[in-house]
Amino acid sequence: MSDKPGFFEGTPDPAGVLASVGLKPGMEVIDLCSGDGWFTLQIAKIARHVAAIDIDPTLLDVARVRLMEAGVTNCSFIAGDAYDITRLWPETVDLVFMANAFHGVPDPARLATAVKAGRFAIVNWHARPRERTTILGEPRGPKTELRLTPEKTIGAVKMDGLQCLTLVEIPPYHSTAQFSSGRPLKSDGRRMSAYGTKRTCRSRSLNVRFWGECVAKLSLRRSLTHDSVA
Ligand SMILES: C[S@@+](CC[C@H](N)C(=O)[O-])C[C@H]1O[C@@H](n2cnc3c(N)ncnc32)[C@H](O)[C@@H]1O
């Protein structure tokens, strides 16, 4: 891979982010909207297996090369629409991980309903003006108007009854929200992480429906392929 910062590489320390959402050895994981594999590689280094799903086969090819160059083989690459997650990867998984993409989901409730994993972790850019999230002097991340506050993210996912376990700040520009269909990890919901204070989440907004930059092309691409570097 080129060491020039890529389009999606605005999330520093991806391994640390993954630790904050409870990724552990032996887990089966889906990296939903995996893009060029920036997180996929780090997931694969820890998990038993990761299924990388993205609508864009070209980006999956980039991810495939990234993992091959790293000598990592416990990954499958699947082109398709995130709404079809269960059909695309019918196996039971421990965690569905989704970074830097939830802001573009046109129907978050539909996606939350489709996610059948025990845990669903969403990494978002901070909801602040794009010109204030710069990397190497350049504004990065989604358009300002697409960015979601934690409350809006939580509200959208909770529409399907998933419970928010934790919210974690990831400096400088991200946060993670982790959801479960089961019980919270700890009843008091208070834990510290390397990134800051975790706290239990309260939903204040239930009315979220945003269109992302990526979404316009989705209806044009319905290809579905299964393959693996293994
Ligand atoms: C900003 S990128 C994030 C990539 C990666 N998660 C990361 O953080 O590096 C958003 C990704 O979502 C994918 N995407 C958008 N809509 C999708 C959909 N409906 N189903 C699957 N992937 C989708 C895009 O192709 C793109 O790779």
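Let's start with Arg147, which counts as partly exposed because it has 19 C-beta neighbours inside 10 Å, while a residue needs 20 or more to be called buried. Keep in mind that this is a predicted model.

Where does Arg147 sit? Its place is in the loop between strand E7 (138-139) and helix H6 (150-158). Leaving aside neighbours within four places in sequence, Arg147 is in contact with His103, Trp125, Ala127 and Pro142.

Val115 is buried, because 22 other C-beta atoms lie within 10 Å. Apart from neighbours within four places in sequence, Val115 is in contact with Ile85, Val96 and Phe120.

Both loop residues can also be paired with a residue from elsewhere in the chain, as shown here:

| Pair | Separation in sequence | C-alpha to C-alpha distance |
|---|---|---|
| Val115 and Tyr83 | 32 residues | 8.4 Å |
| Arg147 and Gly104 | 43 residues | 8.8 Å |

Let's finish with a helix. Why is helix H2 (residues 38-46) described as largely enclosed by the rest of the structure? The reason is that 7 of its 9 residues are buried. In H2, these are Trp38, Phe39, Thr40, Leu41, Gln42, Ile43 and Ala44. And what covers them? The cover includes helix H1 (14-20) and helix H3 (57-69), and also strands E1 (28-32), E2 (49-54), E3 (75-79) and E4 (95-99).

Note on methods. Residues are numbered from 1 along each chain as its sequence is written. This is a predicted model: local features need pLDDT of at least 70, side-chain atom pairs count only at pLDDT 80 or more; totals for chains, interfaces and linings use all residues. A residue is buried if 20 or more other C-beta atoms lie within 10 Å of its own, exposed if 12 or fewer, and partly exposed in between; C-beta atoms are placed from the backbone. Helices (H or I, at least four residues) and strands (E, at least two) are DSSP runs, numbered from the N terminus. Two residues are in contact if their C-beta atoms, placed from the backbone, lie within 7 Å.
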